[in-house]
Amino acid sequence: MPKVAVVGYPNVGKSSLVNRLSGSRETVVHETAGVTRDRKEVEAEWNGRSFALIDTGGVDLADGGELARSVQDQAHAALADADVVVFVVDARAGLRPGDAELADLLRRSDVPVLVAANKVDVAADIPTAAEFHRLGLGEPHPVSAAQGLGTGDLLDAVVALLPAAGAADEDDEPVRVAIIGRPNVGKSSLVNRIAGQERVIVNERAGTTRDAIDLPVEVDGRRVLLVDTAGLRRGAKVQESVEYYTTLRSRRAAERADVAIVVCDATDGVTSQDLRVAELAMQSGCATALALNKWDLRPEVDLDHERAKVAQKLRLRPRVLTVSAQTGRAVRRLLAEALALADRRTVRIPTPELNRFLAEVQAARQPPARHGHRLKMLYAAQVGTGPPRFAVSVNARNRLTREYAYFVENRLRDRYGFQGVPLVIDFVERRRDGRQSRDARNRRAPA
């Protein structure tokens, strides 16, 4: 897919323009300058042509700070990977020295450049864009990311410069793996280690990552889409509006993922907030594993104790693995576990096998009774995948207890390796004529 890099000085409206051109709300937009730091790709389509818009952080070449240099490196990487560049300037503020410096850099590149004079919100302001002829990059396009003015003409110009379309990719959908966790536990370092390059910014300052960044990689011949996310803190500690929106993006990343790797800091062990993050992923339907990162710094941590804590606190009983993003230790094993979880999330168990399992469960522990009448589990079948869903036909659902429902679920996990995989079990009451009760048809096990 062709790529279009969107670059410019801080706070000129690059992310707003990316959202407008793509018809989405994929990027975080805020009045505070410097919200965008990593480069983020967003798919767009215009007149039948599909392409990827690369949103980048604001480039101020005069800023020599460590974080600013990292943002500049990400922008340069986007330029090197792009087929077309959209250089965004602020028509309301006028031409600034930072614009001229970036324009000089773009003039020396071989990539075609379009100048988008943003914040032209009314037709009367269109003449203000003429000032940007001085950049030497051709005719500026007056646009408004807020109102949509001129964006269609800009998209026409972008599509006209795109290279010829290649063959469509007909491979299967990639496995989506979200890397989530508390701030400053090493999520971005782990993503860079897996990717084999500095794809996202890593900084000692907590909260460096501000958006969910998708990164396609290949693992053992399989397509994987890694999603680096912003750190998740307790809701009571989220005070800044920017952090609220970044947290929202992280939650949405978990909702659309197949597998979530909850990264924990081995120097702290598995904390209560780590357990909350894991619960969030499981409630979203993700298969989940916990990774104790920075294991090279605290190898004396009692791993058995941490695993017992997780098994006691989390109903899905996910695996706890040790890893070091700094040295690369056990990263391949963690990826293998993520792919195995994705496979188990879509596994289908034959009905005869399920019914043999049901008979063994009732033989191992007698079902509960109420008013002298005992619960009987008559039949079981798998009715869905991703996550797995099962229907168990019973003679009387009011005799089922929460404890026994959990017993059946845990036995199912142990038998078929569903540790860390969300399961849905519907206990369906069968009427005397042998058909399912309409009211009970889609009920779930007690939660």
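The secondary structure of the protein chain comes to 11 helices and 17 strands, taken as DSSP runs numbered from the N terminus, with helices being H or I of at least four residues and strands E of at least two. This is a predicted model, in which local features need pLDDT of at least 70 and side-chain atom pairs count only at pLDDT 80 or more, while totals for chains, interfaces and linings use all residues. Residues are numbered from 1 along each chain as its sequence is written, and side-chain values use heavy atoms, with hydrogens and water left out.

Of the 447 residues in the chain, 51% are buried, that is, under 20% relative accessible area with a 1.4 Å probe, protein chains only. Taking contact as heavy atoms within 4.5 Å, 69% of the contacts between residues at least 6 apart in sequence join residues at least 24 apart.

I turn now to the cores. A nonpolar core here is a set of buried Ala, Val, Leu, Ile, Met, Phe, Trp, Tyr and Cys residues joined through side-chain atoms within 4.5 Å. The largest has 50 residues, and Val-177, Leu-190, Met-377 and Phe-427 have the most contacts inside it. Helix 9 gives the largest share of this core, 7 residues. Leaving aside residues up to four places away in sequence, Met-377 touches, among others, Leu-358, Val-361, Tyr-404, Val-408 and Phe-427. A second, separate core of 27 residues includes Leu-232, Ala-260, Leu-292 and Trp-295.

Next, two helix pairs. Helix 5 (residues 187-195) packs against helix 9 (residues 331-345) at an angle of about 90°, their axes 11 Å apart; axes are lines fitted to C-alpha atoms over the stretch in contact, and angles run from 0 to 180 degrees between N-to-C directions. The two are therefore roughly perpendicular, the term for 65 to 115 degrees. Leu-190, Arg-193 and Ile-194 of helix 5 meet Val-331, Leu-334 and Leu-335 of helix 9. These contact residues divide into 5 nonpolar, no polar and 1 charged, where Asp, Glu, Lys and Arg count as charged, Ala, Val, Leu, Ile, Met, Phe, Trp, Tyr, Cys and Pro as nonpolar, and the others, Gly among them, as polar.

How do helix 10 and helix 11 cross? The axes of helix 10 (residues 351-364) and helix 11 (residues 402-416) come within 11 Å and cross at roughly 125°.

Notes
Angles under 35 degrees count as roughly parallel, over 145 as roughly antiparallel, 65 to 115 as roughly perpendicular and the rest as oblique.
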